[in-house]
Amino acid sequence: MTAVSPTTQLGTAQLTSPALPLATRTSGLVGSIIDSSTSLLESLGHPVINFAMGSPAPEAIDSADLADVASGLFTRGRTDLYGYAASEGDFALRTLLMDMLHQTDPDDSPDPAGIVITAGGMQGLDIAGKLFIEPGSLVVVESPTYTNGSAVALSYQARLLEIGMDDDGMDVDALEREIDRIGETPRMIYTVPTFQNPSGTTLSVERRRRLIELARRWGSVIVEDDPYGLLGFAGQRVPSIRSLSGRDPLVFTVRTFSKIMAPGLRVGWVDCDPSLRDLIIAAKQALDTCTNFPMQKLVAGYLSEGFMPGHLESLRSQYRSRKEAMCAALSHHLGDVAHWTDPEGGFFIWVTFDDPRVDAEELFRAGLDAGVAFIPGSAFSPTGRFGNSMRLCFASQSLADIEEGVARLGAAYRNLCAEES
Ligand SMILES: Cc1ncc(COP(=O)(O)O)c(C=O)c1O
């Protein structure tokens, strides 16, 4: 058997192969530090409390109901589930998804012709990049931004413009000033408006409206990346940019079952203007023909059995307790040296040390030795900002491990300070 070497450090891709005629665009393939952390943690010889990956906790996977649905579906002799599916997605899944969207957002009414099933949210982002980004296009991203989203834009050779955030999400006034200053309008505005990855903050409704106005003025596409919108702890729904815009063709929304069911399913969807449907189908046909058919059927079976509303309720209450446990642990172990966001939903807390000289990458290495992992803040900025910040995912760990992991982080931080003094 050939040994496979794991990724041994947390870094972005260093793809240099001078002997091969690589396309220019490969220089934009930067990869994702977040995704590389999975391989890195697997290669360590000791168990680690993982606040790094944005993955649902094992207890948050409804394995019992999924197993029942699967055993009803994947029966001996049944072969129709193993063929190709329609490129736009299985008809039954799309119909059930429309019902789910109607129940979760009664004020919004997506057009079924604008719903295309994708291989997770990442494929939706990639298709948006393929459709709208030219080499050299200016793409606005939040600062901090979701690393994989900015990586998609870079893979299509975009130039990125980072716009700062506060408690109400992206600073839309700063965006307008910056665009006026540079005198170039963006081709795309990429945002994770609700319970943002990595900061946990939510773009206010007022700013959503301003962003739509600006996009219309500039002719920019807004890519609204929304994996966490159904995970508001109080069951609250913030209206999506797509619905607030009256379903303006300029708004392209990317969603996924990864955080509300399971990321390994790799099933998501885009909700966009029906005029884009044929192009998206053509893009998918050149990518993967169709999304994994058995997994689409599993999701469809889960929805048709009516498990989703109860499951979402249970997730919201589990995640609220985990978030509260993490905030309490942070107050206890790092309260005198750092501050953090207090999200009302989603998966992430963004922690910033008061001292700008704290190096979160150094703390990351010390944390691994101590058996705890997170993602350093600089991973969420294409220009390496946020050196003294870190993203912690509270969704993956038990209450006991949240307390233990944050205690380890606090101890690792104090050890580093002691070594340096
Ligand atoms: C903001 C955001 N967009 C997209 C994704 C990718 O979703 P998927 O795993 O469905 O591809 C994630 C996953 O972490 C995310 O947080």
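This is a predicted model: local features need pLDDT of at least 70, side-chain atom pairs count only at pLDDT 80 or more; totals for chains, interfaces and linings use all residues.

Biologist: Let's start with tyrosine 82: buried or exposed?
Modeller: Tyrosine 82 is exposed, at a relative accessible area of 53%. With a 1.4 Å probe and protein chains only, buried means under 20%, exposed over 50%, and partly exposed in between.

Biologist: OK. How many aromatic pairs are there in the whole structure?
Modeller: The search turns up 13. One of them is phenylalanine 74 with tyrosine 82: the ring centres are 6.5 Å apart and the planes sit at 40°, so we call that pair tilted. To pair, rings of Phe, Tyr and Trp (its six-membered ring) need centres within 6.5 Å; planes under 30 degrees apart are stacked, over 60 edge-to-face, and the rest tilted.

Biologist: And how exposed is phenylalanine 74?
Modeller: Phenylalanine 74 is partly exposed, at 27%. Another tilted pair is tyrosine 228 with phenylalanine 347, with centres 5.3 Å apart and planes at 55°. That pair links distant parts of the chain, 119 residues apart: tyrosine 228 is in the loop between β7 and α8, and phenylalanine 347 in the loop between β10 and β11. Those labels are DSSP runs numbered from the N terminus: helices (H or I) of at least four residues, strands (E) of at least two.

Biologist: Are those two buried or exposed?
Modeller: Tyrosine 228 is buried at 2%, and phenylalanine 347 is buried at 0%.

Biologist: New topic. Which residues lie nearest the centre of the largest pocket?
Modeller: Met122, Tyr146, Ser258, Lys259 and Arg266, out of 24 lining residues. α1 and α4 are the elements that give two or more residues to that lining, and α4 gives the most, with four. A pocket is an open set of points on a 1 Å grid over the protein atoms alone, where a 1.4 Å probe fits, with protein on both sides within 12 Å along at least five of seven lines; lining residues have an atom within 4 Å of a point.

Biologist: What about helix α5: how many of its residues are buried?
Modeller: Eight of nine, so it's mostly covered. Among the buried ones are Thr147, Gly149 and Val152. The buried residues of α5 pack against α1, α4, β3, β4 and β6. Just after α5, glutamine 157 takes a positive phi of about 65°.

Biologist: Which residues does serine 137 touch?
Modeller: Gln157, Ala158, Arg159 and Arg187, if you skip residues up to four places away in sequence. Contact means heavy atoms within 4.5 Å. Serine 137 is in the loop between α4 and β3 and is buried at 8%.

Biologist: Last one: where is glutamate 362?
Modeller: In helix α12, residues 360-370. Glutamate 362 is partly exposed at 28% and touches Leu416 and Glu420, again skipping residues up to four places away in sequence.

Conventions. Residues are numbered from 1 along each chain as its sequence is written. Side-chain values use heavy atoms; hydrogens and water are left out.
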